[in-house]
Amino acid sequence: MKSSGGAPGYTLNHPRWYRTPVSTYWWLGQWTYLKFVLRELTSIFVAFFVVTTLLQLRALYHGPQAYADFQKWLKNPAVIALNAVSFCFVVYHTVTWFALAPRAMAVRVRGKRVPEPLIIAANYAAWLAVSGIVAWFLLGG
Amino acid sequence: MAGKESGLRMEPFLWTLFSAGGVLAAFLIPVHLFLWGLAFPLGWLKAPGYESATALLAHPIVRIYLLLLCSLPLFHWAHRFRYTLYDGLQIKHLNEVINFCCYGGALLGTAVAGYLLWRIP
Amino acid sequence: MDQTITLEVARYSPERDAAPRFDTFQVPLRREWVVLDALNYIKDKTDGSLTFRWSCRMGICGSCGMMVNGEPKLTCATFLSDYAPAPLRVEPLRYFPVVRDLVIEMTDFMTKLQKVKPWIIRKEEKPLSEGEYLQTPQQLDSYKQYSMCINCMLCYAACPVYGLDPLFSGPAAIALAQRYNLDSRDQGAKERFSILSQHEGIWGCTFVGECTRVCPKHVDPAGAIQQYKLTAAKEWFKSLLMPWSGK
């Protein structure tokens, strides 16, 4: 491979391409990238919710005293703070999921594509309904 | 590498689990987390006592509901977190370890949920 | 007294430089000028060695894609007056190797486009005597959006997964595959699926959505990819539950 004077690796007929390395912090470079990473991180809080639910089930398994201890643990200010943060992230998951899910399905009624805002609104309506039903069960209805 | 071809054939299935978990998480987790994590501990609403909780769990449907609520969102986390590690920390070369920990974790959580929901009196 | 605007343009001469650097130019700020006009002004009047691709200057050929202030843009459709008075930074399209100045190496993109077999695949061609393939407006509507791609590669410059994973097919290639999969005249969906599924073609996509945001032709490649994932998932379950129905 002949090299003319100047930068090494350069030949007359094959220029040395420059490959810009992608930084580990690429996701901080743009607000849209950061929003995306925050959305992806919601999965950690989803997992956290499942873990606390498993702990609650374990408490139920061990009897009334364990259950009462678990309720007390939930009242710990650090746990409440963690749950408050988790709640924000979990709601962010819901909001972003509803915004994006209709794009994955081209829903067609009688040949015409259903407008996306309609699908998103239907999702929110269903969310309210389902949340209401769950709350009704848990509040002793 | 033995995993490559069969691993790629698993991708559609894993993505389906991710989507199902995402739907359940989107619809159900906010209300559950709000009630158990904030409303009940802070006293805004009255928490179900041991008897009420056990009464709810008497219905097999509730146990199946809880199994799905615990299992599928964990698979949602597993799939999403796996790709977050690939792209965020650029450690895709560790994909075998990552896959094992993520999907293994989800399977473990599912097993624990299944065991507890089977055995709770 | 003409107004001017400052352009910071990335330069890279492989015979001289080890890495890209920036040159600063003062360019007249004409109301109707776009970044491409500014670059041509520089090449005409200031530095004839400035190298960049362009052709139609009206947003249809897809040649003039570059990063303007960190955003993938068609320079023929980006007005200087939208950025004035602040200086403008022009760089080559992100996530592609730089050949010289603002010119990038696009062989990887071309290879991926070809890999998805972007043509009508038929099991059996209709003889000419039977006439043309008929298509209703509704059938056209189901894929038309994905046929609008001008191969400008802005979506590849926006996609972090493409930047991080060399095996990822990328937004335009997958949208192009969908354009043919959804075409009523095409029978090649299965063939394309086996290709795209092989080398992590579509599953690396995490629906960042940036590709759709930057697309100048509103192709919505992100939507195409998610729909393709859904189709692939359905195919997977079908082949699992009904393995006898091989086409």
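What share of the contacts in chain C with a separation of 6 or more comes from residues 24 or more positions apart? In this predicted model, the answer is 64%.

Chain C has 247 residues, and 49% of them count as buried. Its secondary structure consists of 9 helices and 7 strands. Taken along the principal axes, the C-alpha atoms of chain C fill a box of roughly 75 × 40 × 30 Å. The accessible surface of this chain comes to about 11900 Å², and carbon and sulfur atoms account for 54% of that area.

Let us go inside next. In soluble globular proteins, nonpolar side chains tend to be buried together. Here, the largest nonpolar core has 123 residues, and the members that touch the most others are Leu57(A), Leu7(C), Leu39(C), Leu80(C) and Leu102(C). Helix α1 of chain B, spanning residues 3-39, supplies the largest share of this core, with 14 residues. Leaving aside residues up to four places away in sequence, Leu80(C) touches Ile5(C), Leu7(C), Val27(C), Pro28(C), Leu29(C), Trp33(C), Val34(C), Val35(C), Ala38(C) and Leu88(C).

Charged pairs come next. Over all chains, the whole structure contains 19 salt bridges. Arg21(C) takes part in a salt bridge with Asp17(C), where the closest N and O atoms are 3.4 Å apart, and in another with Asp23(C), where the corresponding distance is 2.8 Å. Arg21(C) is partly exposed, at 30% relative accessibility, whereas Asp17(C) is buried, at 11%. A further salt bridge links Glu71(C) and Arg213(C), with 2.9 Å between the closest N and O atoms. Glu71(C) belongs to strand β4 (residues 71-74) and Arg213(C) to helix α8 (residues 210-214), so this pair ties together parts of chain C that are 142 residues apart in sequence. Arg213(C) itself is partly exposed, at 41% relative accessibility. Shared partners also build a network: salt bridges join Arg11(C), Asp17(C), Arg21(C), Asp23(C), Asp47(C) and Asp101(C).

Finally, come out to the surface. Which residues form a nonpolar patch there, with about 380 Å² of accessible area together? They are Leu139(A), Leu42(B), Trp44(B) and Leu45(B). Trp44(B) sits in the loop between α1 and α2 (50-57) of chain B. With a relative accessibility of 53%, Trp44(B) counts as exposed, because the cut-off for that class is over 50%.

Key. Residues numbered from 1 in each chain as written. Chains lettered and ligands numbered in written order. Predicted model: local features only at pLDDT ≥ 70, side-chain atom pairs only at ≥ 80, totals over all residues. Heavy atoms only, no water. Core = buried A, V, L, I, M, F, W, Y, C linked by side-chain atoms within 4.5 Å. Buried < 20%, exposed > 50% of the residue type's maximum accessible area, 1.4 Å probe, protein only. Helix = DSSP H or I, 4+ residues; strand = E, 2+ residues; numbered from the N terminus. Contact = heavy atoms within 4.5 Å. Patch = residues over 30% accessible without salt bridge, like charges linked within 9 Å, V, L, I, M, F, W, Y side chains within 5 Å. Areas by Shrake-Rupley, 256 points an atom, 1.4 Å probe, with all protein chains shown as cover. Salt bridge = Lys/Arg side-chain N within 4 Å of Asp/Glu carboxyl O.
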